[in-house]
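Keep the viewer open and click along as you read.

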Amino acid sequence: MTAKIAPSILSADFGQLADQVQQCVDAGAEYIHIDVMDGHFVPNLTFGPIVMPALRKIADAAENVTLDVHLMTENPEQLVPMFAAAGADIISVHVEATKHLHRALQQIRELGVKAGVAMNPATPMMALVPVLTITDYVLLMSVNPGFGGQAYIPETTGRIRALRQILQSSNLKALIGVDGGVKHHNIAEIAAAGADVLVAGSAVFGGDNSIAENIEKFNTILAG
Ligand code: DX5
Ligand code: ZN
């Protein structure tokens, strides 16, 4: 499978959110990444499920768009039902944010949503292994979560390779997402290591080029 780009709306212009997300979809983005921050688990705040209806409308019209919700929140279990009801396709909870990761993943699946596990750069890979059989998506953080525009942590590449091997040797089908510092200059290396979904915020919405140009450039590299 060719890896897919997942624009993170964290770096969008919120005054033109729907328009910018539509531009992503028109340029071929099949994932929209939604960064939810609570000011406790991470030192920054964003939004709650209130942002979802506007995005759901665009995804429904396009038909092939996945709304990928990344909960950087303590007690994620409390927000899961609200994001499920608001139309999330994937909900990821952080390994470090819940005492009951297995239960949280079950809860997500019972609500008919794909269950994701997000993991900070310093968390040992082994923390994932006991839950991989009930995990649809692993989101490996390649920055310390909380802010867009940070540099990719190079050790992540080895972690992607290690996770790809674990999944292959156990014949498990979870997708591997990589989140943070994904740019045009490093995406080929990150995809080659085994990533399926590449989250990019500032490299899609920032800079001098248009959103469409940024996404097309990513997709050309990924297809190459
Ligand atoms: C970090 C977020 C990322 C981030 C990516 O806490 O989870 O999704 O917005 O942004 P860039 O691509 O700018 O690193
Ligand atoms: Zn994210």
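Val143 sits in the loop that runs between β6 (137-141) and α5 (156-169); helices (H or I, at least four residues) and strands (E, at least two) are DSSP runs numbered from the N terminus. This is a predicted model, where local features need pLDDT of at least 70, side-chain atom pairs count only at pLDDT 80 or more, and totals for chains, interfaces and linings use all residues. Residues are numbered from 1 along each chain as its sequence is written, chains are lettered from A and ligands numbered from 1 in the order in which they are written, and side-chain values use heavy atoms, with hydrogens and water left out.

Is Val143 buried or exposed? Val143 has a relative accessible area of 5%, so it is buried (buried means under 20% relative accessible area, exposed over 50%, partly exposed in between, with a 1.4 Å probe and protein chains only). Its contacts, meaning heavy atoms within 4.5 Å, include Pro121, Tyr152, Asp179 and Gly180, leaving out residues up to four places away in sequence. From Val143 to Thr156 is 13 residues in sequence and 8.8 Å in space, C-alpha to C-alpha.

Asp179 takes us to the metal. The zinc ion (ligand 2) is coordinated at 2.0 to 2.3 Å by His33 (NE2), Asp35 (OD), His70 (ND1) and Asp179 (OD). Donors here are N, O and S atoms within 2.8 Å of the metal (3.2 Å for Na, K and Ca), and water is not among the atoms, so sites may look incomplete. His33 in strand β2 (residues 31-37) and Asp179 in strand β7 (residues 175-179) are 146 residues apart, a pair that links distant parts of the chain. Along the sequence, the donor residues of the zinc ion (ligand 2) follow the spacing H-x1-D-x34-H-x108-D. His33 is buried at 0% relative accessibility, and Asp179 is buried too, at 7%.

What geometry does the site of the zinc ion (ligand 2) have? It is octahedral, with angles of 67 to 172° among its 6 donor atoms. For the cut-offs: six donors count as octahedral if opposite donors are over 155 degrees apart and all others between 65 and 115. Ideal angles for six octahedral donors are 90 or 180 degrees.

Now look at ligand 1. It has 20 residues around it, and Asp35, Gly149, Asp179, Gly201 and Ser202 come nearest (a residue is near a molecule if one of its heavy atoms lies within 4 Å of it). An oxygen atom of ligand 1 is 2.7 Å from a side-chain N or O atom of Asp35, and an oxygen atom of ligand 1 is 2.6 Å from one in the side chain of Asp179.

Over in strand β4 (residues 90-94) you'll find Ser92. Ser92 is buried, with a relative accessible area of 0%. Among the residues that Ser92 touches, not counting those up to four places away in sequence, are His70, Leu71 and Tyr137.

Finally, two loop residues. Glu63, between α2 (52-62) and β3 (66-72), has a positive phi of about 75° although it is not a glycine. Glu63 is exposed, with a relative accessible area of 73%. Asn171, in the loop between α5 and β7, is not a glycine but has a positive phi of about 55°. Asn171 is exposed, with a relative accessible area of 57%.

How values were computed. Four donors count as tetrahedral if all angles lie between 85 and 135 degrees; four count as square planar and six as octahedral if opposite donors are over 155 degrees apart and all others between 65 and 115; anything else is irregular. A polar contact is a pair of N or O atoms within 3.5 Å; within protein, one must be able to donate a hydrogen and the other to accept it, and residues adjacent in sequence count only if both atoms are side-chain atoms.
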